[in-house]
Amino acid sequence: CLVEGQLFMKREPGSIAVTAHSEWHNFEADHIDIGHTVNHLSFGELSRLAPTLMKNTAPLDGVEYSEKLDKGGLTHHHYLKIVETTFRFNSNDPVGAYQFTAHYHSYKNVKHERALPQVKLQFDIDPMAVIVTESRVPLYRFLTSICAIIGGVFTVLGMLDGAIFHGAALAKKIAMGKAD
């Protein structure tokens, strides 16, 4: 079975549930296998318009959730935390998107004997937002960093050389008996 679609909804917490349902059929909950693979799940328009930009922000994409044969009738529950993200590039206007984190839990519903297994996506929108800004490092900062690295290496090597030279001189004096 393949479920595909788009939902347009208000910007508030909610859930999506996929389960077997029929007015004319009876289902045996222990024999329903609701294992699934999430090919793509995203929030907002940017993932559709610029998929290469959003490829690392959809943690459920391509993940397979299958149940063991001895544990039929499992409900798969995905908890999603959605964070609004704004990308600010130097060359363009800011672009809005949504990223999310996902946590997963599966369980057998024993509270209601007639409850059927389901895939449930429960999402909550974080009130905070992330702003990703593109910036360039000026040339003078790069040159200052290079000079600091070279100066640090020169200083450490000078200290090492001084320690070896004075250590060798002290060893010579001890060998000659003039250590005082």
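How many helices and strands make up the secondary structure of the protein? The count comes to 2 helices and 6 strands, taken as DSSP runs (H or I of at least four residues for helices, E of at least two for strands) numbered from the N terminus. Along the sequence they follow the pattern β-β-α-β-β-β-β-α.

A quick note on the basis: this is a predicted model, where local features need pLDDT of at least 70, side-chain atom pairs count only at pLDDT 80 or more, and totals for chains, interfaces and linings use all residues. Residues are numbered from 1 along each chain as its sequence is written, and side-chain values use heavy atoms, with hydrogens and water left out.

Now for helix H2, which spans residues 139–176:

| Feature of H2 | Value |
|---|---|
| Length | 38 residues |
| First to last C-alpha | 56 Å |
| Expected at 1.5 Å a residue | 56 Å |

The expected span is 1.5 Å times one less than the number of residues. Of the 38 residues of H2, the number buried is 0, so the helix lies largely in the open. Buried means under 20% relative accessible area, exposed over 50%, and partly exposed in between (1.4 Å probe, protein chains only). Just after H2, Gly177 takes a positive phi of about 85°.

Over in strand E5 (residues 95–108) sits Ala102, partly exposed at a relative accessible area of 27%. Beyond its neighbours within four places in sequence, Ala102 is in contact (heavy atoms within 4.5 Å) with Pro59, Leu60, Tyr79 and Leu80. The C-alpha atoms of Ala102 and Leu80 are 4.6 Å apart, though 22 residues separate them along the chain.

Across the protein, 21% of the 180 residues count as buried.
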